[in-house]
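Here are some notes to read alongside the structure.

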Amino acid sequence: MSETLRIGVLGLSHDHAWGNLEDLKQTEGVQLAAAADDHPQLLEKIRAAHGCATYDDDVAMLDQERLDAVFIFADNAGGEKLFTEAAVRGLPAMVEKPMAHSLAGAEAMLATARRHDVRLMINWPFAWWPQMQHALTVVQRGDVGRLWQVKYRAAHAGPKELGCSEYFCDWLFDASRNGGGAMIDYCCYGALLARVFLGVPSRVTGVSGRLVKEDILVEDNGILVMSYPGAMAISEGSWSQIGNLSSYITMIHGTRGTLMMEPRVGGRLLLADDAHPDGAPLDVPDPPASMRSATAHFVHCLKTGEPFMPLCDDRHGRDAQEILEAGLHAAESGMEVSLPLPQSRRHS
C-alpha cells in the first residue's frame with residue numbers, strides 16, 4: 001500500500017460527509033483524490049472546499065482515478081451498490097452508519113467484502129468520543145461487574161430543524177432509501193451498543209409512530225427493547241424532542257457499578273459504585289492519533305493491518321441491522337420478535 005492513501009468519495013448526500021472530509025484534511029498519510037455524485041451543487045461544494053476532481057458518474061471515477069480506498073456517503077439503500085462497485089476493484093471502504101437500509105443489504109455487503117477480500121469499516125460518529133472508548137475499556141476490565149442493562153437515547157427536534165441539507169432530508173424521509181425513519185436513523189446507535197456490550201439479543205420488541213411530524217411519511221419516534229438471558233437493552237430515537245435534555249446519554253448498568261456517559265468530545269464519563277453512589281467522573285485518557293477520527297482510524301488500520309475497533313466492525317454493523325429489522329417487524333405487528341430472523345421475515 002502506498003505511503004499516501006488516495007481516497008475517492010462515492011456519494012455526497014449524507015451530511016456526515018463534510019465533517020469527515022474536514023478530518024481528512026487533518027490526517028497524515030491520506031489525500032482526497034476525487035468525488036462522485038449526481039448532484040451538481042454538491043460537486044461544486046466539494047470542489048470549492050477541497051479542490052479534488054469530481055465526477056457525475058461513480059463508475060467513471062472508479063475506472064479513471066488511481067485510488068487506494070473509498071468513503072461512501074450515499075443514502076442507506078445506495079451504499080450497497082456503491083460498495084460492490086468499489087469491492088470488485090479491490091478497494092476497501094468506509095461506509096457511514098447504519099450499514100444499509102435492510103438486513104438483506106447488510107448481509108450482501110458483508111458477503112461482498114469477504115468474497116473480494118476487502119475491508120469494510122462502518123463509521124459511527126460516537127465511536128470517536130474519548131469517553132466512549134474508555135467506557136469500552138472499563139467494561140472489558142470488569143470494573144462494573146456483569147452487565148445487566150445498556151440504554152442509549154438519540155434525540156433532536158428533527159432533521160429539518162437541526163439544519164440538515166435538502167439532499168440529506170430527501171432520503172431520510174423516504175423509507176425505500178433510508179429503511180424507515182427515526183428508528184433506523186437513531187435507534188441504530190443503541191442497537192449497536194447493545195450488540196457490542198451484550199452480544200446478539202434473543203428477542204426484540206419495537207414501538208414506533210409518527211407522533212408529532214405531520215409532514216413526513218415515516219416514524220418520528222421509535223423505541224427498541226432487546227432481551228437477553230439475564231440482561232436487557234433499550235434504544236430510543238426521536239426526531240421531535242424539544243431541547244437537549246437526555247439527548248445522546250448512555251447508561252451502562254452492571255452488578256458492581258453504573259456508568260453514565262455524556263455526549264460528544266469533552267463529555268464526562270461518570271461511575272457510581274458503593275464508594276460513590278451519586279457518581280464520580282473518571283479520568284478519560286486522550287486517545288492516540290489513530291482513534292481521534294474515522295479517517296485517522298481507517299487509514300491507520302489499512303496501513304497496519306490492525307482490526308477496526310469493535311464499534312466499527314462490519315459484522316457488528318450487520319448484527320445491529322438485524323436488531324433494527326426485528327424492531328421494525330415488532331412495531332408493525334405489535335408482537336415480540338425472536339432472533340435470528342428467518343429468511344421469510346427479512347426485508348429486501
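1. A residue counts as buried when its relative accessible area is under 20%. The model discussed here is predicted. By that cut-off, 6 of the 8 residues of strand 9 (residues 221–228) are buried, so strand 9 is largely enclosed by the rest of the structure.

2. Which strands pair with strand 9?

3. Strand 9 and strand 10 form a hairpin with 2 residues between the strands. Y228 has A231, in strand 10, as its bridge partner. In this hairpin G230 takes a positive phi near 85 degrees.

4. How many disulfides does the structure hold? The count is 0. A disulfide is a covalent bond between the sulfur atoms of two cysteines. For C187, the closest cysteine sulfur is in C188, 7.9 Å away, and this is too far for a bond. C188 is likewise in no disulfide, its nearest cysteine sulfur being that of C187. C187 is buried because its relative accessible area is 0%. C188 also counts as buried, since its relative accessibility is 0%.

5. The largest pocket holds about 680 Å³ of space. It is lined by 29 residues, and H16, P125, F126, Y186 and Y189 are the closest to its centre. Helix 1 (16–25), helix 7 (159–162), helix 8 (166–172) and helix 10 (182–198) each give two or more residues to this lining. Helix 1 gives the most, with 4 residues. By class, the lining of the largest pocket has 15 nonpolar, 7 polar and 7 charged residues.

6. The second largest pocket has about 280 Å³ of space. Of its 16 lining residues, D37, D38, D58, A74 and L82 lie nearest the centre. Helix 4 (residues 78–87) gives the most to this lining, with 3 residues. The lining of the second largest pocket divides into 4 nonpolar, 4 polar and 8 charged residues.

7. What is the count of cavities of 30 Å³ or more? There is 1. The largest cavity has about 60 Å³ of space. Its lining includes H14, I72, A74, D75 and M99. By class, the lining of the largest cavity has 5 nonpolar, 3 polar and 3 charged residues.

Methods. Residues numbered from 1 in each chain as written. Predicted model: local features only at pLDDT ≥ 70, side-chain atom pairs only at ≥ 80, totals over all residues. Heavy atoms only, no water. Buried < 20%, exposed > 50% of the residue type's maximum accessible area, 1.4 Å probe, protein only. Pairing = 2+ DSSP bridges. 1 Å grid on protein atoms, 1.4 Å probe; cavity = no way out; pocket = protein on both sides within 12 Å on 5 of 7 lines; lining within 4 Å. Points joined across faces, edges and corners; volume = space filled by probe spheres on them. Nonpolar A, V, L, I, M, F, W, Y, C, P; charged D, E, K, R; others polar. Disulfide = S-S within 2.5 Å.
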